[in-house]
Amino acid sequence: MRNLPKTLTGAVLATALLTACSGQPSAAPSPSPTPTYQLTPRPVRPGEHPVTAAPVTDGDIRFQVIGLQTGLSGFVGSHGEWQAKGQYVVVRIVAENPGRTNSRFVAGRQRLLTADGTAHAVDRFAQAIKRQPDTLPLGAEVRIEMDLWFDVPKDAKITGVRLYGDPPLGVGGTTQGATVPLG
């Protein structure tokens with residue numbers, strides 16, 4: 001009778017272990033889905049076409065192209081009117097730094113691609129008149145939306161935009177860029 005508690009404890013433990021290893025599915029709760037932000041949809045701006053391209057990542061920055069305007073002969077800024085040498089093309093982007101450190105966005109590195117194989121730089125003057133950033137730090141988990149203004153030949157056929165991020169912290173040099181088709 002003295003060994004009855006030890007025997008009973010051993011039997012209960014053995015039963016528990018055998019039941020746990022029987023291959024039966026456990027009753028562990030399934031993980032709940034990650035909640036998402038409920039952002040209010042906005043209308044596309046006059047003259048702009050929505051773009052539904054998948055996001056791309058280059059270096060530490062994730063980009064998404066959301067709008068495109070082509071064939072603009074000129075524009076009015078807050079203090080003046082300016083005409084294109086050819087046509088203005090405006091690419092609306094979202095740039096996001098999903099990382100834990102600062103990253104740097106440089107508008108001057110971004111390129112608009114045309115069917116003739118040319119990679120056009122942003123028009124710095126148009127960027128300045130339209131009050132779009134040239135260079136800015138993207139803090140950790142920061143997301144911005146902005147326009148890239150390009151002045152390209154009037155008959156140019158737009159095929160895409162090549163977007164450049166900042167190399168990861170501690171990595172020297174430049175990134176290779178990521179292309180978003182627009183044609």
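## Largest pocket

A pocket is an open set of points on a 1 Å grid over the protein atoms alone, with protein on both sides within 12 Å along at least five of seven lines, and its lining residues have an atom within 4 Å of a point. In this predicted model, local features need pLDDT of at least 70 and side-chain atom pairs count only at pLDDT 80 or more, while totals for chains, interfaces and linings use all residues. Residues are numbered from 1 along each chain as its sequence is written, and side-chain values use heavy atoms, without hydrogens and water.

The largest pocket holds about 470 Å³ of space, a volume being the space filled by probe spheres set on the grid points. Its lining comprises 18 residues, with Thr40, Pro41, Arg42, Ile66 and Glu145 nearest the centre. By class, nine of the lining residues are nonpolar, three polar and six charged; Asp, Glu, Lys and Arg count as charged.

Strands (DSSP runs of E, at least two residues, numbered from the N terminus) contribute to this lining: S3 (61–76), S4 (81–96) and S9 (143–152) each supply at least two residues. The largest share, three residues, comes from S9.

## Four-stranded sheet

Four strands form an open sheet in the order S7-S6-S10-S11, with antiparallel pairing; two strands pair if DSSP finds at least two bridges between them. S7 (119–121) and S11 (178–181) are the edge strands and have a single partner strand each, so one side of each lacks a neighbour in the sheet. On average, neighbouring strands of this sheet are turned by 30° against each other, direction ignored, with axes fitted as lines to C-alpha atoms.

Within the sheet, S6 (residues 111–114) and S10 (residues 158–163) run antiparallel and are joined by four bridges. Leu112 has Val161 as its bridge partner in S10.

Key
Axes are lines fitted to C-alpha atoms, for helices over the stretch in contact, and angles run from 0 to 180 degrees between N-to-C directions. On a 1 Å grid over the protein atoms alone, a cavity is a set of points where a 1.4 Å probe fits but cannot get out, and a pocket is an open set with protein on both sides within 12 Å along at least five of seven lines; lining residues have an atom within 4 Å of a point.
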